[in-house]
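Could you take a look at this one with me? My notes are below the model.

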Amino acid sequence: MDSKQYLFLFEEGRADMRALLGGKGANLAEMTRLGLPVPPGFTISTVACTDYYNKGGIMPEGLMDAVLGGIRVLEKKTGRTFGGRSSPLLVSVRSGAAVSMPGMMDTILNLGLNDDTVEGLARETGDPRFAYDCYRRLIQMFGNVVLGVVHDAYERVLARMREKHSVTSDHMLGLDALRELIGEYKELTRFPQDPDVQLEQAITAVFRSWNNPRAQLYRKINKIPDDLGTAVNIQAMVFGNMGEDSGTGVLFTRNPSNGERVRFGEYLTNAQGEDVVAGIRTPKPLSDMESELPDVYRDVLKMADLLEKHYRDMQDIEFTFEKRRLYLLQTRTGKRTAKAAVKIAYDMANEGLITKEEALMRVEPSHVEKILHRGIDATAQLDVIASGLPASPGAATGEAVFDADVAEARGSRGERVILIRPETTPDDMHGIVHAQGILTSRGGMTCHAAIVARGMGKPCVVGCEQMRIDPEARVAQVNGREIKEGMVVSIDGSTGRVIMGEVPLVNPDPGDEFRELLGWADEIKRLGVYANADTPEDARRAREFGATGIGLCRTEHMFMAQDRLPVMQEMILAFTAEERKAALDKLLLMQKQDFVGILEAMKGYPVTIRLLDPPLHEFLPNIEHLVLEIERLRVSGAPETEIKDRQNLLKKARALAEANPMLGFRGCRLGMVYPEIYEMQAEAIFSAAAELIQKGMDVRPEVMIPLVSIAQELAALKERIDKVAEAVMARTGVRIPYKVGTMIEVPRAALTADEIAEHAEFFSFGTNDLTQTTYGFSRDDAEAKFLHHYIHEKVLSGNPFQSLDTAGVGELIKMAVSKGRAKKPGLKIGICGEHGGDPDSIRFCHHAGLDYVSCSPFRVPVARLAAAQAQITGK
């Protein structure tokens, strides 16, 4: 490869070159193209990173020659010399992937300083303290990022130096203290004095950071491909640590927590960028800059307005000002909470900045789930012990832990924990992922903890400065109270409150903007969105969430109630048809009332009712439990009749037991052998429908026969169901609009869909079982024993029971759709497995030509948005 392809000067790039230059490099190039104040620099492309890995971790041939050529260009532009004893050129080396991964990879500032150039910088600026502050920062960052010295090792030395010189902050250390600090830093590791060596090692470290554990975890969580690689941005340094008229800051063009149209940000004077993000010093709110540095403030707001209008989205801008002169170091689409995402999208559409379609694409399906999370009950009596900055909204309760490893270990076991730290660093990422919420004593609204928590939708409180946290002792002290590891604590990320004990939660009100945005989705989407609902309450909730039908009503769940299970067992244990009919008559009355409630709740929308599916043994007690119970009855001297009843139950349970129940005597096979069961259920459905129609209601029942694999199964059972329907209509004198169809759950049904379609009025893909039968996996066994290993080893890219396997199961679905509609054009087809609420699966269903998806009621809003996004993208 020509080495020129590895390197692009900022003026050679554009915003649409993200894949090659990474997001940071592309935006630096775009800002340079717009004539904004960006320090000169160049970008090493993502191609160089992927080549580095393809060559087994060896720097690609010609890359360093190209980099040194880029350095020569920077020298000409700045009038400085890299490694020079006078007017030394210093650079930053920063990562920048094509997809934003804030804080996950590495950065090094002030590169080019050594024992000689630091003196040159001191002479040039007339400020030796500034020069040595830059040098100690370089040694600390280089040692941690490049040489692998743990961050805490430097922090301990720094804390000891602050204590020795009786100061409370790093920027208060004098020149002598900084020189002493640098000497101690150098004892921790061998720091290279050659700037060219520093540069090559720094670039290599940034490449390596693409595959550090926190970056890998972030990509896994956010479904970012592992083969993209990172770009490296090398840029001439500007200095925010040159005194009180210099500084650094972060600005969001809208509030990233609630979406309000106000500039939101923080800054520090006499500081470099990492000071703000790391949370080591608590920064000032941007509004303070208006009185402290009004000229810089005006320039910052002007740039913010320009960049938001140019990119047509909320921007996260990093800036530095040196002697009151403003420089832009980065702009990117800002991470935001779910609530903010909805408000920003809604407002920008109404402002005319974006279209409704663009607004819908700006809201992620995961945002919809998070906005429906519960918050703290406003009427509750709370034991509030402290307050900090409300960095990421929502409430969280859990046991206090003070270490990211502990948070990961306990959180991965399903335990609820709150991670409490003085501040978080990217190395805490694994703990943040598994914690319910984050609490820090330091940092501002744009620190690492705040940014990561907002991006993940986790509650977070930062900058709780009255709290003294001792991670080693695993204890926090605040206002005379103690939080020890294991104590239950709650945080309110919407207000910044820290609360002892568990807090009562209430359901949220997502707001009119949220509802209107989903209304836009309904106008655009083609797919119908139904819900899986087994009770009238589920059906009502589904309607509240915007479902326009029920795609799966599981009748077996109705039989599991305590007052019904004995009657169901009576039916199973019957020795004669008469005994079975007597039990079924009792169940008929119960089922009818269920269907009345569900059909009434749906008010004219279709209700798909699946006839009995699971094997009968699932309604009987566990065999081992029965054996033990009979033994206890014998020992206790129970009446012989009682023992005999349990023995009969045991005998039936053993008779019904199966080696492989998933593929055994269940679904339509039950209806074929015991047709009276399905006839009773059909009677209950049609009697309920007739009763409601007589009251003037519009009802649309759809009867679904499960597990059909042979067309004749459906033909025989549909004939029986039609006879029951005719009998009910004749008896009641009403016409019932109904359909009879089947679930496609096994490969043979998909392969012979044309034959099955002759007898079906609709298909519904039961993708949970279709996935099991296609793979030959038992879901329970696979998820418990080997599926996680397959995913970790990349045998599978993800869990096929959570997101549809489009290459296998998806091909069967497309085949069934094609064959079914070839036989019966206009055949109604949907999906009712858990995949019906998964956005990626919904996109597939849209393009496969399905008519609807069905999911749990709480995922209906997610499905409505995902269906609209599938229509908008057309991909």
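Here are a few points on cores and helix packing.

1. Ground rules: this is a predicted model, with local features needing pLDDT of at least 70, side-chain atom pairs counting only at pLDDT 80 or more, and totals for chains, interfaces and linings using all residues. Numbering runs from 1 along each chain as its sequence is written, and side-chain values use heavy atoms, leaving out hydrogens and water.

2. The largest nonpolar core has 228 residues, and Ile234 and Phe686 have the most contacts inside it. (Such a core joins buried Ala, Val, Leu, Ile, Met, Phe, Trp, Tyr and Cys residues through side-chain atoms within 4.5 Å; buried means under 20% relative accessible area with a 1.4 Å probe, protein chains only.) Helix α27 gives this core its largest share, 11 residues. Helices here are DSSP runs of H or I, at least four residues, numbered from the N terminus.

3. Another core, of 22 residues, lies apart from that one, and includes Val38 and Phe319.

4. Leaving aside neighbours within four places in sequence, Phe686 is in contact (heavy atoms within 4.5 Å) with residues including Val703, Ile721 and Tyr738.

5. Which residues of α22 (565–573) are buried? They are Leu565, Val567, Met568, Gln569, Met571 and Ile572. Their cover includes α21, α23, α25 and α27.

6. The axes of α13 (338–350) and α19 (512–524) come within 10 Å and cross at roughly 65°, so α13 is roughly perpendicular to α19. (Axes are lines fitted to C-alpha atoms over the stretch in contact, with angles from 0 to 180 degrees between N-to-C directions; 65 to 115 degrees counts as roughly perpendicular.) Among the contact residues are Tyr346 of α13 and Trp520 of α19.

Terms used:
Buried < 20%, exposed > 50% of the residue type's maximum accessible area, 1.4 Å probe, protein only. Helix = DSSP H or I, 4+ residues; strand = E, 2+ residues; numbered from the N terminus. Parallel < 35°, antiparallel > 145°, perpendicular 65-115°, else oblique.
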